[in-house]
Amino acid sequence: MIDWNLAVQTGTRLLRPGPQVGHEEARAVVEQLRELSRDAQGYVRDFTGMRAEEDPAPATIVDRPGWIRANVDGFRVVLEPLMEQMAERRGPGLLGGGAGGVVVQAVGSRVTGMQVGAILAYMAGRVLGQYELFLPPDPDGRAPTGRLTLVAPNIVHVEQELGVDTRDFRLWVCLHEETHRAQFTGVPWLREYVQDQMTRFLLASDIDPGAMLDRLRDVTDAVTDAIRGGEGNLIDAIQSPEQREILDRLTAVMTLVEGHGDYVMDAVGPEVVPSVEEIRSRFQGRREGGNRLDKTIRRLLGLELKMKQYAEGSVFVRHVVGEAGMDGFNKIWDSPETLPTHAEIKEPSLWMDRVIGPRALDAAPPKAAGAETE
């Protein structure tokens, strides 16, 4: 089990300070982000044609410690039931039960909690926003559908660093995150599909001692490769063969939803975000920058590969919408069977041949085109 309290304590202790703003300015930022998020809902609905939830809750605006606490809550909802199942399958473990096993478990939970906290501290300084799929139940017992969260200090930090128009940048970010809300509330099966694939991934972990030793060697190789500038990462290193198959499906769907979000945020049009081209150009330059240590960490955590996959998703969406129109593209949300595979994301024509068919290729192209984000 993971010591979640320790994860929160470690994460908040390791956080870098955010930009220094006065109380009144901070309150103004929060109010504007909520307003722009509401505006973005309408823009996304009109542009994509997706039927998202009616009268959605306002965006939740948090600081960096608040983002860590929110994500730990989400992790607990997903992981704790699975960890109990995995513990039952393992039995007393390789070192036996009794006091020794309890001590090992306690030490392991604290080490894991510190590791999770360290990763969250790093991510908490980078994430601009997210749509949280997994939340603790409401006090009345209802299962919430999700929550859109914006990390105010990170948005302010990036817009200051880039020197861009603040209102345009904030709306640009809101368009991306509100697209995720539209995806997961407007497509009834999507949230359950992602959760099912995550559950399968976690339960597919092998516990054979020999496999564990091989995995440790893979981790060592991944660290060495990342330091040398390669694409080795910890996520790939710790997977079992079955997990790699599941992760391929998860990666495909997440590449799609992120690429779709990036496409929409850029494609809604300059009349909504007049400086969108300047924002995209500067933001892309920032994403590709960073010192050697930062790049190494991003490679280890799989973030560099993630960015490449999101770019692939954006290219896929732009290609399909350009060839088949938005109505043709929206067939992607019909069922899990109409989702693109990883291979189809790389070759959009394969997906169109399989799902849309040749007649739909005469559809009118959209009015605008787009790209990708963080």
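Which residues does Phe329 touch, not counting residues up to four places away in sequence? The points below take up this and other features of the model.

1. Basis of the note. This is a predicted model, in which local features need pLDDT of at least 70 and side-chain atom pairs count only at pLDDT 80 or more, while totals for chains, interfaces and linings use all residues. Residues are numbered from 1 along each chain as its sequence is written, and side-chain values use heavy atoms, with hydrogens and water left out.

2. Overall make-up. The secondary structure of the protein chain comes to 15 helices and three strands, where helices (H or I, at least four residues) and strands (E, at least two) are DSSP runs numbered from the N terminus. Of the 374 residues in the protein chain, 46% are buried; buried means under 20% relative accessible area, exposed over 50% and partly exposed in between, with a 1.4 Å probe and protein chains only. Among the contacts in the protein chain with a separation of 6 or more, 81% are accounted for by residues 24 or more positions apart, contact meaning heavy atoms within 4.5 Å.

3. The nonpolar core. The largest nonpolar core holds 80 residues, and the members that touch the most others are Trp67, Leu150, Phe169, Trp172, Phe316, Phe329 and Trp333. Helix H10 (residues 241-267) supplies the largest share of this core, with nine residues. Such a core is a set of buried Ala, Val, Leu, Ile, Met, Phe, Trp, Tyr and Cys residues joined through side-chain atoms within 4.5 Å. To answer the opening question, Phe329 touches Leu256, His260, Phe316, Val317, Val320, Val321 and Trp351, once residues up to four places away in sequence are set aside.

4. Helix H6. With 21 residues at 1.5 Å a residue, helix H6 (residues 166-186) should span 30 Å, and its end C-alpha atoms are 29 Å apart, which agrees; the expected span is 1.5 Å times one less than the number of residues. Because 18 of the 21 residues of H6 are buried, the helix is largely enclosed by the rest of the structure. Its N-terminal end is capped by Asp165, a side-chain oxygen of which lies 3.2 Å from the backbone nitrogen of Arg167.

5. Strand S3 (residues 147-151) is mostly covered, with four of its five residues buried. Strand S1 (residues 60-62) runs parallel to S3 and is joined to it by three bridges, with Val62 opposite Val151. Strand S2 (residues 129-132), by contrast, runs antiparallel to S3 and is joined to it by four bridges, with Glu132 opposite Arg147. Two strands pair if DSSP finds at least two bridges between them. Helix H5 (residues 152-162) is also mostly covered, eight of its eleven residues being buried, including Asn154 and Glu159. After H5 comes Gly163, whose phi is positive, near 70°.

6. Aromatic pairs. Rings of Phe, Tyr and Trp (its six-membered ring) pair if their centres lie within 6.5 Å, with planes under 30 degrees apart counted as stacked, over 60 as edge-to-face and the rest as tilted. By this rule the count comes to nine aromatic pairs. In one of them, the rings of Phe47 and Tyr263 have centres 6.0 Å apart and planes at 40°, so the pair is tilted. This pair links distant parts of the chain, as Phe47 in helix H2 (residues 23-48) and Tyr263 in helix H10 are 216 residues apart. Tyr263 counts as buried, at 1% relative accessibility. Trp189 and Tyr193 form an edge-to-face pair, 6.2 Å centre to centre with 90° between the planes; Trp189 is buried at 15% relative accessibility, and Tyr193 is buried at 16%. Phe169, Trp172 and Phe283 form one aromatic cluster.

7. Two individual residues. Ala7 lies in helix H1 (residues 4-14) and counts as buried at 0% relative accessibility. Leaving aside its neighbours within four places in sequence, Ala7 is in contact with Gly113, Val116 and Gly117, while the C-alpha atoms of Ala7 and Arg69, 62 residues apart along the chain, are separated by 9.1 Å. Asp266, in helix H10, is buried with a relative accessible area of 10%. A polar contact of 2.8 Å joins the side chains of Asp266 and Arg280, the term denoting a pair of N or O atoms within 3.5 Å; within protein, one must be able to donate a hydrogen and the other to accept it, and residues adjacent in sequence count only if both atoms are side-chain atoms.
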